[in-house]
Amino acid sequence: MIYPYKNHTPKIADTAFIADYVTISGDVAIGDYTSIWFNTVIRGDVSPTIIGNRVNIQDNCVLHQSPNRTLVIEDDASIGHQVILHSSIIRKGALIGMGSIILDGAEIGEGAFIGAGSLVPQGKVIPPHSLAFGRPAKVIRALNEEDQKDMERIRREYVEKGQYYKSLQP
């Protein structure tokens with residue numbers, strides 16, 4: 001369901017795939033070839049949410065904000081199943097592992113990988129191209145070529161899957 005909130009209606013690119021049972025409300029922008037998967041909730045009723053191109057937001061995610069704190073997800077990011085993002089910045093090509101929570105003011109660097117089940121506390125900055133894991137998340141190591149290839153595969157497959165599912169929609 002797509003809901004306006006006050007003076008804001010979600011802006012969704014024509015090429016984006018929005019699965020069944022997704023709820024998007026308010027000041028939300030979703031870019032080209034992005035896929036939003038089943039049962040995800042994106043509420044833009046406090047501050048804006050800006051989602052770039054070729055982003056995948058997998059099943060059962062929750063995206064929200066605090067006052068005057070925009071949630072930004074840059075191009076080519078992957079957001080795993082059951083992730084909670086709250087007023088944070090996810091830089092280009094980053095991957096947030098399933099079940100992770102990213103809190104207000106946290107910034108995940110370009111191409112970084114947050115391991116499944118991690119908690120990135122308020123204001124924490126994860127450097128680009130690094131693996132961070134834990135509760136609270138700590139940088140474990142730099143990503144290697146194999147990690148980066150796997151992240152690229154995930155991005156590519158989600159764009160393809162999203163476009164396939166989109167082709168099935170009436």
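Modeller: Start with two strands: β19 and β20 run antiparallel and are joined by 5 bridges. This is a predicted model, in which local features need pLDDT of at least 70, side-chain atom pairs count only at pLDDT 80 or more, and totals for chains, interfaces and linings use all residues. Residues are numbered from 1 along each chain as its sequence is written, and side-chain values use heavy atoms, with hydrogens and water left out.

Biologist: What makes β19 and β20 a pair?

Modeller: Strands (E, at least two residues) are DSSP runs, numbered from the N terminus, as are helices (H or I, at least four). Two strands pair if DSSP finds at least two bridges between them. There are 5 here, so β19 and β20 pair. L131 stands opposite R141 in β20.

Biologist: Why are β3 and β20 said to stand at the edges?

Modeller: The open sheet has 8 strands, in the order β3-β5-β7-β10-β13-β16-β19-β20, with mixed pairing. β3 and β20 each have a single partner strand, so one side of each is left without a neighbour in the sheet.

Biologist: Why is S130 called buried?

Modeller: Buried means under 20% relative accessible area, exposed over 50%, partly exposed in between (1.4 Å probe, protein chains only). S130 has 4%, so S130 is buried. S130 lies in strand β19. Leaving aside neighbours within four places in sequence, its contacts (heavy atoms within 4.5 Å) are A112, F113, V139, R141, A142 and L143.

Biologist: How do you know that N56 and S78 make a polar contact?

Modeller: A polar contact is a pair of N or O atoms within 3.5 Å; within protein, one must be able to donate a hydrogen and the other to accept it, and residues adjacent in sequence count only if both atoms are side-chain atoms. The N56 and S78 side chains are joined at 2.9 Å, so the pair falls within the limit. N56 is in strand β7 and, at 1% relative accessibility, is buried too.

Biologist: Which residues touch the most other members of the largest nonpolar core?

Modeller: I73, I90 and I108, out of 40 residues. Such a core is a set of buried Ala, Val, Leu, Ile, Met, Phe, Trp, Tyr and Cys residues joined through side-chain atoms within 4.5 Å.
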